Structures are given as C-alpha cells and as structure tokens.
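Subject: Structure handover

Hello,

Here is the structure I said I would pass on. My notes on it follow below the model.

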Amino acid sequence: MCLAIPGKIVELEEKGCMRMGRIDYGGITRDACLEYIADPQIGEYVMVHVGFAISKVDAEEAARTYQYLAEMDQLEEIAVPEPSREIR
Amino acid sequence: MKYVDEYRDRKMANKVAAEIHRAVTRPWAIMEVCGGQTHSIVKYGIDYLLPKEVELVHGPGCPVCVTPLEMIDRAHAIARQPDVIFCSFGDMLRVPGSHGDLFQVKAAGADVRIVYTPLDCLRIAAANTSKKVVFFAIGFETTAPANAMAVWQARAQRIRNFSVLVSQVLVPPAIAGILEAPENRVQAFLGPGHVCAVMGYREYEPIAPRYRTPIVITGFEPIDLLEGTLMAVRQLEQGRTEVENQYGRAVTPDGNVDAQRMIRRVFEVCDRAWRGIGVIPKSGYRLNDEFRDFDAERMFELGSIHAPEPAICISGQVLRGLKKPHDCPAFGRECTPQNPLGATMVSAEGACAAYYNYGRHLVKVPSAAGIS
Amino acid sequence: MSTSFTLSCPLPVTRHKTIVLGHGSGGRLTAQLVRELFLPAFDNPALRKLDDQAVLNVAPGRIALTTDSYVVTPLFFPGGDIGRLAVNGTVNDLAMSGARPLYLTAAFIIEEGLTLEDLQRVTQSMSLSAAEAGVTIVTGDTKVVSRGCADKLFITTAGVGLVPDGISISASNGRAGDVVIVSGPVGDHGITIWSTREGIDFAGGLKSDTAPLHALMEAMIGAGDVHVLRDPTRGGLGTSLCEIAASSSVGIELDANAVPVREEVKAACEILGMDPLYVANEGRLVAMVAESSAERVLRAMRRVPQGRDACRIGRVVAEHAGMVLVKTEVGGSRILDVPFAEQLPRIC
C-alpha cells in the first residue's frame, strides 16, 4: 500500500488551516498536503502518497548513492533468460 | 520524471544485477514485504535479472489482500445503507466480499465513490450534510498519517457526518510473525520503503539480530529493488544480520516524527486479524477513545458477520513465503482475478494477482535451486 | 484541429433552448430539429432527400462495414468532443481494413435537458470532422429519452467503405519476421478524459489524439507490405497486441523502452498507478509490416501529420504463439495479458 510518487513543490498555500502545496510531477501538477513536512521550500522534492507528502527527497543522498552505483565496474552484460513456455 | 526515470535505467539495472551474480555463492530466499515491491518485481521482470541462487519470496505486504473477509462484508453492509456515501481508494472496489464487490453494490444503487485522498471525503461530507460519509481506511503505516489527518480535520472543522471504517495494519509484527513460524524459510528481508519513510526503521533493529535475519530497507523502483537485493545478498554471504537503508533518499532512521505524532493522537495499537494468516497481536491501529465518534464500526449496528474462506485457498502460505502462486492447484484455473478465492488474488498487489496479471500462469518462472 | 469554432449558422429559432421529449416524437418538433440543426450541419444530396434510407452508388468490389457507439463523458474535452470521436472512430475502423471510408450513418439518443447549443456544437464538430475525413453522413435517427435514462448524449454510427482489390489487411495476417510499428505516442486520449473529469490541467496542454487515419493508412499501403492494422482504442495498445497475437497465432516481442509515451501521460499514469499500454487512444494505429518494407513504410508515415512520430516497437516471432512478451524497461521479461476490465487508480 505504498505507491508514493516524487514531485517538486512549485507553490505553497494554506487551505482550510492546512499547509498545502502545488506539486509538479513532470508535466502534471496536483495539490498535496504538506503538514507532515517540516519547513517545505519551493523547488524541493517530496514523496507524495494519497495526497500527502510523507517525506522530503534528500537530493544529496540520492546523488551520492546513484554515483556509487554508477561507478561500479561492469565486466559483461548478463544474459536474461526468457520465460519458458510450459503451459500449466 | 526525476527520481523515477533514472531508477529504471536498463544499463544501470544490468550493472547492479551483474554485481549480484558476482556476489552470490549459494542459494538464498529473500522476502520483499510490500505489495508495491512485489508489483514492481513482476512488472519489470526483475527476478529474471537475478542469478538462479537468489529467490525473491513475496510477503504479506498488501493491506488490501490481508483485510479480513468480515471487514469487507462490513464495508459492503454500510455502503448499502440508503443515507450513506461510501468512499474508498480504487484498490478496494473489486475486492469481493461474501456477496459481490463494491462495484456490484454500486450498480444496485448504493452511492460508492473512488477517492484519491482521504481529504476528498471531507469535501464530500461538507457538500452532502444530509448523508453519512464513510471512508474505508485501509493501509499500512504509510497511509496512517493521511487517514489520521482526515479524522483530525473532521473534528477541527466540526464535520459531523463523517466516519471511518478502520482496517490499518502494521508491518513489524507481521515480519516477526513470519520469522517466528517453525517452517519459515525466509533468510533476509527487503523492508518496506514508504512505511519506513513514515515510521523510520528503529523498530526493525531488534528484529534483525533476534532472528539472525538481515533487513534492508528498500525502495520501489527496479534499481532500488536490485540494490536492496545486492545489499541483502552481501550481508547473507558475509554472515551479517543488520538493518541497512537502501532507500536513503526518502528514509531516515527516525522517520517522520510529525506524522508519527499525528498517528499517536488519533490511533492506538490493537490486535488485528490478517486474512490468510489469522490474528496477529498488536498488529493494527484503531481509533482511540478521543475519536470514537468517528468510528464507523460503532456508528453502524451491523451485528456479527461470519465469513468462511474457501478451503482450497493457500494464500496463508503464499503470504508467509512458503509457497508460490503456481504451487496452488487452483491458480489460474478456479482462482483468477475475475473470480478470486482468497487474499492474494483479490487485489492487483497480491502475489497471485500480480503473477496472473503479468502472465505467469502461462509460463514457468526462473526459481532458485536447492531451497525447499 | 481546434475545438473552438464559430457556429456557421445561427441557433435554430424555437421556443426551446433544450431538448424535450417531443423532439424525439417523430412529429413537428423532430422535423424542425432535423431541418434546422442536423441538415445544415451534415448537408449533402442524400441527406437532403430526408428518406428513411440513403440510396448510394458504390463501385463494384468489397465493402467494409462497421458500427460503433459513443458514450463518452464529458461531451467536450481538450482535442475534441463526442461527435469528433464518433466520426473519426468510425472512419478509422474502416481504414484499418485498408478500406477507403465513404459514408456514415449517425443515430442520436438524447437525454431530455441537453441544451440545443451543446447538440449544435457536437453536430458542427461532426460536420468538420467528416469533411476532413472525406466522408458524408447520409442518414440518421433521433430519439429522446427521459432525464436519467441516458448520459446526456449517445451516438451510434455505422460506416461503409470500399476495399481496393488486392488489399488484405486483418488482425489474423501477422507473420513471423514482421516489424511492429506504432504511429505515435500512446495514452493521450484516456489521460485527457480522466484529467478533464477530475478538473486537472496539464502544464503542456495535453489533448485527445482523436484523428482520422485513412490518409496515413493509404500512405503506408502505398509504401510497402502491410499485414495488420489496428487502432488501439479501449484497452489500449496492450490489448490490441494481445488480440493480434491470438488472431494471427504468432508471438510478439515488445520493447518497453521503444513505446513512445508523452512525459505528462507517463506522470499521470504514475500518479494513478495505471499502465500507459492499457490506456485508450483515438488517433493512433499499430501495424505489422513485412521486415523488407519497414523502413519505407516508416518514412512514408512520418510524411503524414498523424504519423509524424511513428516508430518501431517490436517484432513478430514464430515462438510463444499467441503470447506477447515484453522486454521491460530494465531488461527483464514479462508477459502482456488482456486486462480483465478498466484499470482502477491504485494507491498500493
């Protein structure tokens, strides 16, 4: 039960005493509740689940761990087996 | 999409998978807990990239699947009442109770609505003051802050015609339950990334050494799942039993304290029945006394509902990683997403449904050698 | 094609601003509606006769015949409306057999209370679409039902076209070795409808891809050996590929990274938990083309507006007949199956 999508905060607003934000998911924007994000800033990325931002995306951490993966040596491409066509 | 596309990169996936091939020396069974992770594995065919020694086993990570049949029947009974607007996430609409699903309840005249966020229910309640708006609040800890906020706001905005039917479940007791079972074969866990974004991962720190099982908190994209698997395999090969965090960009050790505070304000821990498994003590949330006025189970007198499960269904064993969907004689035959017999087929996240929807009832899938 | 247009004739002058049951009675009100709204929109010699049928000259040969119903809500959306969908959809069903579309019928089931203005917008749109596609709407019917018995407007069409000699295009003609081609990005229409219903705006102005495909089809047939054509509407590209694999008893191998999807459509599908492969299209086609012709056909497609973004997405094989195998974005493997029903937004 965990479909959360990363999106960028492009606007901050108060709606009915709740801190809300306009979130851009790369071409489509929707509102999300930012009550659970301490000090949200425009331009920051958050993970949004059922209309609520549940955490910030740590850009530095993301870059660091992705870089680590990118720098791993790769010797050869692995052969991916195809599903074996045995009908049950 | 940033933070999505790069985690689906083919070259990077191949690279991480190659590292797993290099690291592994003997068979291992690794369970991913979250239904979203199961879905991702099957959708991207990630298990096809892994060495045959590594077997990914699917856990009870689908709150839709583990919602007991009685609870679904209760939901349908409430939805059928003439002055009720019944709101639910899309996932629940096709889950059949003892007599059809919410679509059929809707077709018979009930007001059933799909919502994308619990806050939609408050808008519906405010616009329909003569009706009772009931929200089916299912989910893991990931969804608890949203559900809690809806109740909190309902009280703050004095919305009197809103209530929730709560079926929240917690992950750590389920993991402990799986590990406790004598027939358990799971040797490592990929922990639930978004649950931990909310709750942090401190709760898992005693579990890993107690059961000598590495736990790697993992995200949902293919690269996340591959990297999480790599980290788990390395721990297993090295004999370590720690909690590690693969999903550092979204998960911190203590999690989201504001969200946890709201959860504690509105909910309290209780025992919960898990479909296919049985009652797991202290494995769920219910509304606490302060918010009992919003509890739909109290508001609607339904009497006791008894709902027997079909005997042929082995979902309990699938949820605990003891069997795979195609080990079940009914899989793809009497039991399909159109006619689900049990927990793991009723929603798209369940292991049996995921396998079926991605065609695995038609083929053999790669599986580890030597694990019984 | 723009959805905003000026009405080329004034609103019919009647006492009514909305459709009432009397408009479907067959009496004077019906006649007035036909005379003042439908005729001006669809004007052509056959229709002007106002017979119960249209008698048409058709050259000898094979006739392609199709029928469809259109029940979309909302009636108007970015990129089109129910009328435009009805004309293009019928034209495309004919075109997928290699037929030149010629004549359409249009039967309207109207819920009482629909405004005359909306009905006129729809018929005007059909008129423009028919002209664009080179077809005429030669006969029709009007019924009105009580409020609540229809969702504003339903349109049922039939279409007739002529299949040139020597053309044999069918979902059962796929052959091992064929190249699978799609004419453009998938998922635009379904996501446009969803977002219009939900009141969501797209920054880049996403709109329905509804378009007539007969010109594209003719360019393709003229350029090479086309075996299969299908326009993937409900159920999307994925469902069409499964149907073709079954009909032709061939296997299909699809490269997930090769299937074009607009960024906004991808993002919307992520939010909803939907798969773009199963989202409806209304102006795209998928084709299976002999390998030797593939490059020529692609070049011809890209010279036609509806085929500008045409590309290869997979190939047809003799193995795993009836099954569509996907090489996933990360290089794993999965099988594409026909979904049970409409996708529901997931949160899991």
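To start with one residue pair, Glu14(A) has Arg19(A) as its bridge partner in β2(A). Please keep in mind that this is a predicted model.

Chain A

That pair belongs to the antiparallel pairing of β1 (residues 5-15) with β2 (residues 18-24) in chain A, which runs over 7 bridges. β1(A) and β2(A) make a hairpin with 2 residues between them, and Gly16(A) in the turn has a positive phi of about 60 degrees.

β2(A) also pairs with β3 (residues 29-33) of chain A, again antiparallel, through 5 bridges. Here Arg22(A) is placed opposite Asp31(A) in β3(A). This hairpin, of β2(A) and β3(A), has 4 residues between its strands, and Gly26(A) has a positive phi near 95 degrees.

Taken as a whole, chain A has 1 helix and 5 strands. Their order from the N terminus is β-β-β-β-β-α. Of the 88 residues in chain A, 42% are buried. Among the contacts in chain A with a separation of 6 or more, 29% are between residues 24 or more positions apart.

Contact between chains A and B

Chain A puts 42 residues into its contact with chain B, and chain B puts in 57 residues. On the chain A side, two or more residues come from each of β4 (45-49), β5 (52-56) and α1 (59-70). Of these, α1(A) gives the most, with 5 residues. Sorted by class, the chain A side that touches chain B holds 27 nonpolar, 8 polar and 7 charged residues.

Nonpolar core

The largest nonpolar core has 259 residues, and the members that touch the most others are Phe52(A), Ala53(A), Ile181(C), Leu241(C), Ala287(C) and Val324(C). Helix α11 (residues 222-238) of chain B supplies the largest share of this core, 8 residues. As general background, nonpolar side chains tend to be buried together in soluble globular proteins.

For one of those members, Ala287(C), the touching residues are Ile181(C), Met220(C), Val226(C), Val228(C) and Leu229(C), leaving out residues up to four places away in sequence.

Domains of chain B

Chain B is assigned three domains: domain 1 (5-64 + 171-245), domain 2 (65-168 + 279-299) and domain 3 (315-357). Between domain 2 and domain 3 of chain B, the C-alpha centres are 26 Å apart. Their contact draws on 5 residues of domain 2 and 7 residues of domain 3 in chain B. On the domain 2 side of this contact in chain B, the classes are 4 nonpolar, no polar and 1 charged residues.

Domains of chain C

Chain C is assigned domain 1 (21-163) and domain 2 (171-336). The C-alpha centres of these two domains of chain C lie 28 Å apart. The contact between them takes 19 residues from domain 1 of chain C and 23 residues from domain 2 of chain C. On the domain 1 side, α3 (82-95), β4 and α4 (116-133) of chain C each give at least two residues. The most come from α3(C), with 7 residues. By class, this domain 1 side of chain C has 10 nonpolar, 6 polar and 3 charged residues.

A sheet in chain C

Chain C has an open sheet of 4 strands in the order β1-β6-β4-β5, with mixed pairing. The edges are β1 (62-70) and β5 (136-145) of chain C; each has a single partner strand, so one side of each has no neighbour in the sheet. From one strand to the next the twist averages 15 degrees.

Within the sheet, β4 (residues 100-111) of chain C pairs with β5(C) in the parallel sense over 9 bridges. Ala106(C) is opposite Gly140(C) in β5(C).

One residue in chain C

Is Pro45(C) buried or exposed? Pro45(C) lies in helix α2 (residues 45-48) of chain C. There are 9 other C-beta atoms within 10 Å of Pro45(C), so this residue is exposed, the cut-off for that class being 12 or fewer. Pro45(C) and Thr136(C) are 91 residues apart along the chain, and their C-alpha atoms are separated by 9.7 Å.

Regards

How values were computed
Residues numbered from 1 in each chain as written. Chains lettered and ligands numbered in written order. Predicted model: local features only at pLDDT ≥ 70, side-chain atom pairs only at ≥ 80, totals over all residues. Domains from an automatic or database assignment. Contact = placed C-beta atoms within 7 Å. Nonpolar A, V, L, I, M, F, W, Y, C, P; charged D, E, K, R; others polar. Pairing = 2+ DSSP bridges. Axes fitted to C-alpha atoms, helices over the stretch in contact; angles between N-to-C directions. Core = buried A, V, L, I, M, F, W, Y, C linked by C-beta atoms within 7 Å. Buried ≥ 20, exposed ≤ 12 C-beta atoms within 10 Å, placed from the backbone.
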